[in-house]
Amino acid sequence: MPDMYGNVIGIFIGVWLLQTTASLSAWAAQGWIVAVSAFGALVVCGRLRRRARTARGGSAFWALGLAAAVCMGYAYAAWRADARLSDALDSALEGRDLQLTGTIASLPDDTGDGVRFVFESDPATGVPQRVLLSWYRGRGNAAGEDREPPALQPGERWRLAVRLKRPHGSATPGGFDYEAWLLERDLRATGYVRGGERLVTDDGGFMNRVHRLRARIRRQFEAALPDAPYCGILVALAIGDQAGISPAQWEVLRRTGVQHLISISGLHISLVALAVGGACGALWRRAPWLTSRCPARLAGAMTGLAAAGIYALLAGMGIPVQRALVMLAAAALAMTARRETSARNVLTLALAVVLAFDPWATLAAGFWLSFGAVAAILLTVGGRVAPLRGWRAGVRLQWAITLSGVPMLVALFQGFSLAAPFANAFAIPMVSFAIAPLTLFAAIWPAGWLLDLAHTLTAWMMAALQWLSASAFALREQPLPPPWLLAAAAVAAMLSILPRGTPGRLAALALLGGFFLWQPDRPRQGDFHAAVLDVGQGLAVHVQTASHDLLYDSGPLYGSASDAGERVVLPYLRARGVSRLDATVISHDDADHAGGLHSVQARIGIGEIVAGAETSGPAAKAKANSGPGNAYVTRIEPVRGTPCVSGLSWHWDGVDFAVLAPKTLPGGRRDNSQSCVLRVSGAGGVSLLLTGDLESSGEGLLVAMQGDDLASTAVVAAHHGSRSSSSLAFVTAVRAQVAIFSAGYRNRYGHPHPQVLARWEGAGSHNLRTDSGGTVLLEARGGEMTAEGWRTVAPRYWHGR
């Protein structure tokens with residue numbers, strides 16, 4: 001059995017290493033051959049190790065076996081990745097009108113702006129089988145009639161008119177990797193529906209029927225609890241659909257560290273198995289004719305496993321659910337074979353099976369948190385002279401899970417809840433023994449009073465959680481440390497939960513203290529860092545000096561309930577350790593520049609707001625698609641703060657900030673030519689010019705006022721590279737070494753325009769684009785400036801695929 005642990009750990013390391021590579025090797029398509037060969041070498045090394053006559057020889061064969069296991073995991077994951085990436089959208093079909101026939105293969109989710117669902121297409125040349133589609137309101141057909149999307153049900157067959165694009169998301173330090181999320185779920189294109197025709201209402205198929213059952217349960221809950229604020233939480237506990245939980249509720253759950261209770265995981269699956277299996281075993285013992293044919297313990301185990309499997313199907317079979325189901329299956333099989341098996345063996349088997357089915361599991365937060373929590377429990381309860389008992393056991397386990405999970409939470413979410421131990425102390429019993437059972441009974445037997453009682457208990461729990469989350473100390477946000485420090489902290493956290501007297505335990509606690517105190521490097525006096533964030537079709541730039549932080553614009557709206565401030569800007573700032581902005585400059589009030597300001601203001605402190613031109617009268621309604629790069633730009637409510645006028649300037653840590661415009665700039669449509677233009681100048685004459693949506697008329701006036709003084713080392717090209725900006729006179733006057741274009745992938749405006757790109761390149765600029773290179777990182781140090789895209793700094797093999 002020791003060989004099993006080492007082999008599975010080696011396979012895990014190989015799979016994880018593959019998911020960190022920049023590109024797949026040429027042999028990836030034949031990776032199965034390498035994997036089989038490595039498996040053969042693994043078997044041979046295991047046998048030779050057992051026959052080795054010396055300890056040194058055994059260690060050598062153990063090391064060779066571990067290397068073979070790593071190679072096996074790497075090659076297997078490469079083979080699976082190559083096969084999945086081969087089902088790709090032909091780039092020539094991106095953005096074109098296509099006719100697809102297929103089946104709705106998921107539970108449709110209401111996004112507020114429309115409906116999103118997985119569509120399994122019939123075989124079509126150049127089109128992947130599984131795509132993620134959105135049917136927006138106001139896009140009822142190809143003519144764009146203003147109508148609601150039809151009521152969609154899983155299993156229905158449709159003929160749809162769609163436009164697709166390859167998987168693409170924001171590439172930003174500390175941000176969510178949307179492309180990896182799509183890859184793990186085998187969604188090889190995204191797009192939207194322009195019209196459709198329902199062909200068949202029920203296409204059959206086992207999983208389609210499961211999804212229809214999930215949809216029926218959701219409708220029953222929503223009908224029984226109309227306008228109930230926590231209906232979405234009950235739906236999530238019953239069928240794993242979290243779309244009905246509001247962002248405000250998620251924030252309360254996140255700040256108190258109990259979001260794991262709403263995401264169906266091993267806790268929920270195990271409780272169902274124990275409840276059903278225990279009841280079956282108790283009844284079985286009362287029938288002697290049954291016990292004579294099958295032991296009650298075995299009958300209870302198999303019945304509990306079957307119940308857990310049904311619940312796992314309703315929950316959507318996520319990573320934590322898979323892990324719990326595999327562990328239960330291993331224990332049940334051990335009972336069938338009349339053999340005892342250790343928890344460590346079961347956990348190892350679960351890891352192997354999960355990686356075999358899903359090599360991309362290592363990209364999911366649930367994988368690390370679920371396996372980490374179980375490992376912490378095993379370390380806490382194992383190796384003790386006397387077992388833990390009573391309330392002390394519960395306290396000890398909660399402390400172990402909390403402490404061991406901190407490095408992972410910092411790596412995944414750049415923060416952890418200090419209120420979690422207190423919140424979990426009452427939330428776990430309430431959800432496990434009251435709310436979840438009532439909810440599941442209501443799913444089986446739709447009695448209104450069951451849901452009313454479950455909702456009342458949920459409301460009481462959320463009221464207590466809201467009180468805890470209101471504390472300024474509820475959540476500690478931590479900057480993203482380097483990988484070596486994260487790995488060291490994870491090992492130290494595991495060592496620190498071992499029994500007292502364990503060698504190295506005190507050193508581990510000291511290392512954890514250093515982990516909590518770590519802060520990222522900041523620029524030196526006179527230098528500055530800047531990041532043009534990959535927010536899609538919009539603009540957001542973070543500028544950092546030795547002790548100050550500034551945000552220039554805040555990115556676009558993405559929909560009625562999401563914006564770049566929440567999804568891109570704040571995760572980046574958390575990863576950089578920024579908890580307060582000394583100033584925020586909003587160039588003008590277009591939604592693609594100011595759409596994320598509200599989210600930023602709500603979450604971190606802002607010292608001063610410098611605002612560009614304001615509009616008068618009521619603001620227009622802001623509409624936006626639900627994905628980066630697709631915002632329908634329009635006005636938002638006017639932003640009020642210190643007026644942005646030429647002549648305004650300040651000095652931070654040896655770095656000068658100067659507003660160059662507006663100054664009664666004429667012409668230009670809307671207020672683009674009155675955008676607030678800011679220049680940041682560091683030591684040695686290095687400078688960055690931020691121009692908002694300035695148009696050619698405003699550029700001409702700037703050239704006339706500034707002349708040669710307009711020259712800058714780097715420039716963020718105005719208006720995302722539109723033809724209405726970047727006039728030849730302005731480009732010639734700026735003479736930038738680097739020109740940066742912030743634009744959305746395949747945006748409907750065609751930004752940046754090829755003529756504009758050529759104009760800057762002809763003037764000697766190196767062009768960088770957020771839509772192709774991700775967030776652009778600039779570093780002004782000692783009179784020199786470097787610039788590179790995040791997709792170049794941290795490339796992954798699935799980027800652009």
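**Close-up views of a predicted model**

View 1. Residues are numbered from 1 along each chain as its sequence is written, and side-chain values use heavy atoms, with hydrogens and water left out. Helices (H or I, at least four residues) and strands (E, at least two) are DSSP runs numbered from the N terminus, and two strands are said to pair if DSSP finds at least two bridges between them. By these criteria β10 (residues 541–544) and β11 (residues 549–552) run antiparallel and are joined by 4 bridges, with a hairpin of 4 residues leading from β10 to β11. Strand β9 (residues 528–532) also pairs with β10 in the antiparallel sense, over 4 bridges, and here Ala-530 stands opposite Val-543. In a regular strand the side chains alternate between the two faces of the sheet. Both faces of β10 are covered, since Val-541 and Val-543 on one side and His-542 and Gln-544 on the other are all buried (buried means under 20% relative accessible area, exposed over 50%, and partly exposed in between, with a 1.4 Å probe and protein chains only).

View 2. The 13 residues of α18 (residues 505–517) should span 18 Å at 1.5 Å a residue, which agrees with the 19 Å between its end C-alpha atoms; the expected span is 1.5 Å times one less than the number of residues. Arg-505, Ala-508, Leu-512 and Phe-515 are the buried residues of α18. They cover an arc of only 60° around the axis, which puts them on the same side of the helix, the arc being that of the directions from the helix axis to the C-beta atoms. Leu-506, Ala-507, Ala-510 and Leu-517 are exposed on the other side of α18.

View 3. The bond joining Ala-661 and Pro-662 is cis, with omega about 15°, and Pro-662 is found in the loop between β20 (655–661) and β21 (677–681). The peptide bond from His-751 to Pro-752 is likewise cis, with omega near -10°, and Pro-752 lies in the loop between β24 (738–741) and α24 (754–762).

**View 4. Two aspartates with positive phi.** Asp-186, in the loop between α4 (178–184) and β6 (190–200), has phi near 55° and is partly exposed, with a relative accessible area of 23%. Asp-653, in the loop between β19 (649–652) and β20, has a positive phi of about 50° and is buried, with a relative accessible area of 14%.

**View 5. The largest nonpolar core, around Phe-221.** A nonpolar core is a set of buried Ala, Val, Leu, Ile, Met, Phe, Trp, Tyr and Cys residues joined through side-chain atoms within 4.5 Å. The largest has 38 residues, and Phe-221, Met-462 and Leu-465 are those with the most contacts inside it. At least two residues of this core come from each of α5 (206–224), α6 (231–239), α7 (247–256), α15 (420–444) and α16 (448–469). Leaving aside neighbours within four places in sequence, Phe-221 is in contact (heavy atoms within 4.5 Å) with residues including Leu-234, Val-235, Ala-442 and Leu-451.

Technical notes: Predicted model: local features only at pLDDT ≥ 70, side-chain atom pairs only at ≥ 80, totals over all residues.
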